[in-house]
Amino acid sequence: MYTQERTATANLVVGGPVAVNSYDNAIVAALVENRPVMLVHAFNGGYLRPVELKAESHDKGVKLATALDPATKDAQGHLWHLTPAGFFGQRPLYFIESAAGQVAPPPAPAATATAAVADGGRGDDGAPKPQRRRIAVHQDAPKSTADTVQVGLPDKVGDKWRGKNGAIEDTQLWVVTVTPWGGITFVPITHPDAILGFKDHAVTADSEVRLTYNWGGDFTGTVINTFYPRLPNEWNVPYHHVFT
């Protein structure tokens, strides 16, 4: 379902050669405005959510849920922030951060440079940035049992989910690429031949999120590993019709 009205991906700070439907406000909101969105899977309409919603959990993974229960909704377990995090060559990088368990930093005693560093930095409005758990990949993924992911703060996830060479964030950095179908695919910078997928390639309720080899050989991935960012009020809209 495409229209003739397009906008270049360069205007959306998204790497890749394909254009995006200009009416897809959710992609723009996720990547530019940093608004929380649901990540809805192209195949069965399920959405990503952390296995554990509590803020103190840092060693659990992510799963695909097909029903939005009240507890998950109340905890914002269905919402994610795609937070800008620098560049990989000319490709923008992002953190995939859960809105569940988000913790506001304590107020600094004084507005000093030291306090600003201690609270993790400040946004454009001057307010301290909240602490959000990020999806991290295993250093040895996607080999055997090392293909899992964890949701946690950079200094709280397991050792093999921390970055090498002292850069704790590199296992939590992703290339976000728009697919020809108007969805997005996630590629970890530590494993550029892999994309975010599911255990045994099974896209079913409660499927465990894994890194899977990108047999397509490019950054667009495949239909089965495509997600559609949806604003919270759009979560129940089916998207399989885009392929008809």
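Is Phe 186 buried or exposed? At 1% relative accessibility, Phe 186 counts as buried, where buried means under 20% relative accessible area, exposed means over 50%, and partly exposed lies in between (1.4 Å probe, protein chains only).

## About the model

This is a predicted model, in which local features need pLDDT of at least 70 and side-chain atom pairs count only at pLDDT 80 or more, while totals for chains, interfaces and linings use all residues. Residues are numbered from 1 along each chain as its sequence is written, and side-chain values use heavy atoms, with hydrogens and water left out.

## Aromatic rings

Let's start with the rings. There are three aromatic pairs in the structure. Rings of Phe, Tyr and Trp (its six-membered ring) pair if their centres lie within 6.5 Å; planes under 30 degrees apart count as stacked, over 60 as edge-to-face and the rest as tilted. The planes of Phe 186 and Phe 227 meet at 45°, with ring centres 6.0 Å apart, so this pair is tilted. Phe 186 belongs to strand 11 (residues 184-188) and Phe 227 to strand 14 (residues 227-230), so the pair links distant parts of the chain, 41 residues apart. Strands (E, at least two residues) and helices (H or I, at least four) are DSSP runs, numbered from the N terminus.

Phe 227 is buried too, at 0% relative accessibility. It also forms a tilted pair with Phe 198, at 6.3 Å centre to centre and 55° between the planes. Because Phe 198 lies in strand 12 (residues 194-198) and Phe 227 in strand 14, this pair ties together parts that are 29 residues apart in sequence. Ring pairs link Trp 174, Phe 186, Phe 198 and Phe 227 into a cluster.

## The nonpolar core

A nonpolar core is a set of buried Ala, Val, Leu, Ile, Met, Phe, Trp, Tyr and Cys residues joined through side-chain atoms within 4.5 Å. The largest one here has 32 residues, and Leu 48, Ile 184, Phe 186 and Leu 196 have the most contacts inside it. Helix 1 (residues 25-33) gives the most to this core, with five residues.

Which residues does Leu 48 touch, leaving aside its neighbours within four places in sequence? Its contacts (heavy atoms within 4.5 Å) include Leu 39, Trp 80, Leu 196, Phe 198 and Phe 227.

## A loop glycine

Gly 45 sits in the loop between strand 3 (38-41) and strand 4 (47-50). Its relative accessible area is 41%, so Gly 45 is partly exposed. Gly 45 and Thr 66 are 21 residues apart in sequence, with 7.0 Å between their C-alpha atoms.
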